[in-house]
Amino acid sequence: MLFTNFAPALLLSTLASALPEVKRAATLPLSTKGRDIVDANGDVFQFASTNWPGHQEVMVPEGLQHASIKDIVSWFPKFGLNSVRLTFAIEMVDDYLSNSPNQTLEKSFINSLGEANGTVVLNQILEKNPQFTKDTTRLEVWDAVAKELSSQGVIIHLDNHVSKAFWCCGDNDGNGWFGEKFFDVEKWKRGLAWLTKHAKDNWPTFSSVGLRNELRSATNAEPVDWYTWYVHMTAAAEAVHEADPNALIFFSGLSYDTYIDPIPLGKTLNGTAGKSTANKTAVFKPGDFAFKDKIVLEIHKYDFEATQDDCETFKSKWYKKGFQSVNPDDPTTKYLFPMVISEWGFIHNGTYWNQTTYAKCLVEMVDQYKVSWMHWELSGSFYLQTRPGRKPQETIQGLEEFWGLLNYDWSAIRSPITLENSLYKMIGALK
């Protein structure tokens, strides 16, 4: 297996020297021009990112018990990445605005992991990150993470992953659709606007906001239709734009963000909205909005179906889910928008990358359409993972993440051969 006998420092040096270059830092702010994201100089910018989760019960970015913030952030340039998708929970903002005592690191870890385990993990974090104390708040941790990301030239994309802080996503987990158990629409809009304004004022490389991760069908919620999507997503976008007129705004689609084609195709968006039984319609017209040059579409793609389609079939099927937005030559495309694959990934076991067409076809899709992407994910392990909506419900402390770029203790690359044949080829496809 290639690279297995290399010392860690030599391994990183060898991998880095073989990486294609991506634009490491953009002149902010970013905006859109047709199918492209452009920086303040008018140069095309493409996100080459990984996800760094911070949306689970503790509500701070993962991994701080294993490494310092500075050391974790240093992986981004080592991997050749220029940006990060930071995931957060609205609950974190709700706690801040209500002045909840649960905001401190001590309360956060004890409430989530129990007194014994929570204290152990807290002490590990304080040892690795001595700038913090047990009374440091979650927001202060986020500010420290953002400060270091900015210092190392990493562009920050905020993603609202959930309202109630726990793992995403499951059917009927209370987080999936407007008005569901944990999805208070007004608190969601308030939280997006507040954190956007805070990031604008305090995080130098803050660039963009994802309004909501993986909207999906739900019971005991508002009608699951495109008109309801239109009403709430555009209202949230207006709140974000008012908080920071310079921020890009990412719109996710339906069914776990697996399709968003009605938007670039200019289709009529039908539905009933709220308790009304009368049919209502709308069309998403970018020119109707003050944020018309800030709109980005996002889409997700995993290989849960274990498809063995050849790449032409794979790309053809996926194209119809929303990639019309980047093709000015498609006669069915009414509106051009940039597209970002904001989640893709698979297990890093050293062999999966070569067992299906998925990894290969992703690279071909990016190469053909030159779309930005955000890999899932950086984390080698989690503080805690609770998965509501699963049967039985799982709650696991210290869970290892075999999909992560890093190993369990965040000290090394999990699988060099997987990176060589997936992440690094995705970087090369952007050229």
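Author: Pro29 lies in the loop between helix H1 (8–18) and strand E1 (31–33); helices (H or I, at least four residues) and strands (E, at least two) are DSSP runs, numbered from the N terminus. This is a predicted model, in which local features need pLDDT of at least 70, side-chain atom pairs count only at pLDDT 80 or more, and totals for chains, interfaces and linings use all residues. Residues are numbered from 1 along each chain as its sequence is written, and side-chain values use heavy atoms, with hydrogens and water left out.

Reader: What kind of peptide bond joins Leu28 and Pro29?

Author: The bond between Leu28 and Pro29 is cis, with omega of about 5 degrees.

Reader: Which peptide bond has omega of about 15 degrees?

Author: That value belongs to the cis bond joining Trp376 and Glu377. Glu377 is placed in the loop between strand E12 (372–375) and strand E13 (384–387).

Reader: Why is Met59 called buried?

Author: The relative accessible area of Met59 is 4%. Buried means under 20% relative accessible area, exposed over 50%, and partly exposed in between (1.4 Å probe, protein chains only). Met59 is therefore buried. Met59 sits in the loop between strand E3 (48–53) and helix H2 (69–73), and its phi is positive, near 70 degrees, in a residue other than glycine.

Reader: What makes Trp410 buried?

Author: Trp410 has a relative accessible area of 2%, so Trp410 is buried. Although not a glycine, Trp410 has a positive phi of about 60 degrees. Its place is the loop between strand E14 (394–397) and helix H12 (416–421).
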